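Here is a short note to read beside the model. Please keep the structure open and go through the points in order.

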Amino acid sequence: MQSTPVSVSSGESVKVEGINCIMPASATATLTTDSTREPDEEKGNLPQAAQDGSNQDESHIVESHKETTSQESLAARLRRSCCSRRGLCLNACALVVVLLTTCAALLWPRDPTWKITKLDLDANAFVAAMLPGGNPTPLNLTADVGFDNPNFVGTTTEPSTFKVHLSSGVLMAHGDTSVCTVGPRASSSLRAYVTVPFNEVLTQKITEEVMANAGLLKVTAEVQTLAHVMGLRVRVTTRCALTSDTMKVLSTPEETLVEKHCTYSYSL
């Protein structure tokens, strides 16, 4: 509060705070009046302005809080959405892995087993070809082969070709097989038509190997087969190491094969 001095002459009347005062003639006085007293209107207006500013601040805080809450809610929804999508992707991947594993277990090719069930040959032609001084001529024979399909799908094979070589690498026989159809986890048979191109050189090579192995003849055979499996054309290559007992050729020819080791490869 600021005071303002007022000069009063003698005999003048002065009203101070609602009181009339008459100064003596011989006296002068300096009175102090409050020139900074705030009007009642200002007393009332200042708190209202402050209140309005406070309301605006609170409104701004509320709006900021709402905006922050909205952003946090959006972020939470995005996180939940991402987690849901990630979970779906993981579940889908797991399902695909299970399906592929199951399909691989069911459809992965398993090697068949086989054996010669019947062998037809001209015994006289065979003896004449093998005896020293004989007249070797090509020998034709047929072999029936029974086999088991361990796979969960069936197949039909096209006519196949094969070759048989002595351990020295000399071609001993060649031929082809008939068409064959077999069901899933079933048994079937096919017929092989074999030609042995006997000549003096081949006869001598066979005799040398049989004598060196105590009557056993060791050969290698390779078969190329095209199989139709579930609409696919699969190339099957079979390689076998075979051991035959030549002493049984004339008596029980279907028992000539005494040992076999085969490998199979598959391609599209």
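1. C240 and C262 are joined by a disulfide, with 2.0 Å between their sulfur atoms; the term stands for a pair of cysteine sulfur atoms within 2.5 Å. The pair links distant parts of the chain, 22 residues apart: C240 is in strand β13 (residues 232-245) and C262 in strand β14 (residues 257-267). The structure holds 1 disulfide.

2. This is a predicted model, in which local features need pLDDT of at least 70 and side-chain atom pairs count only at pLDDT 80 or more, while totals for chains, interfaces and linings use all residues. Residues are numbered from 1 along each chain as its sequence is written, and side-chain values use heavy atoms, with hydrogens and water left out.

3. The link of C240 and C262 is right-handed, with 110° about the S-S bond. Are the two cysteines buried or exposed? C240 is buried, at a relative accessible area of 8%, whereas C262 is partly exposed, at 24%. Here buried means under 20% relative accessible area, exposed means over 50%, and partly exposed is in between (1.4 Å probe, protein chains only). C180 is also buried, with a relative accessible area of 4%.

4. The chain has 3 helices and 14 strands. These are DSSP runs numbered from the N terminus: helices are H or I with at least four residues, strands are E with at least two.

5. The count of salt bridges is 4, a salt bridge being a side-chain nitrogen of Lys or Arg within 4 Å of a carboxyl oxygen of Asp or Glu. One of them joins the side chains of E158 and R233, at 3.2 Å from N to O. E158 lies in the loop between β7 (155-157) and β8 (161-166) and R233 in strand β13, so the pair ties together parts 75 residues apart in sequence. E158 is partly exposed at 23% relative accessibility, and R233 is partly exposed at 46%.

6. Another salt bridge is formed by R239 and E222, whose closest N and O atoms are 3.4 Å apart. R239 is in strand β13 and E222 in strand β12 (residues 216-229), so this pair ties together parts 17 residues apart in sequence. R239 is partly exposed, at 42% relative accessibility, and so is E222, at 31%.

7. For the chain as a whole, buried residues make up 23% of the 268 residues. Of the contacts (heavy atoms within 4.5 Å) with a separation of 6 or more, 61% are between residues 24 or more positions apart.
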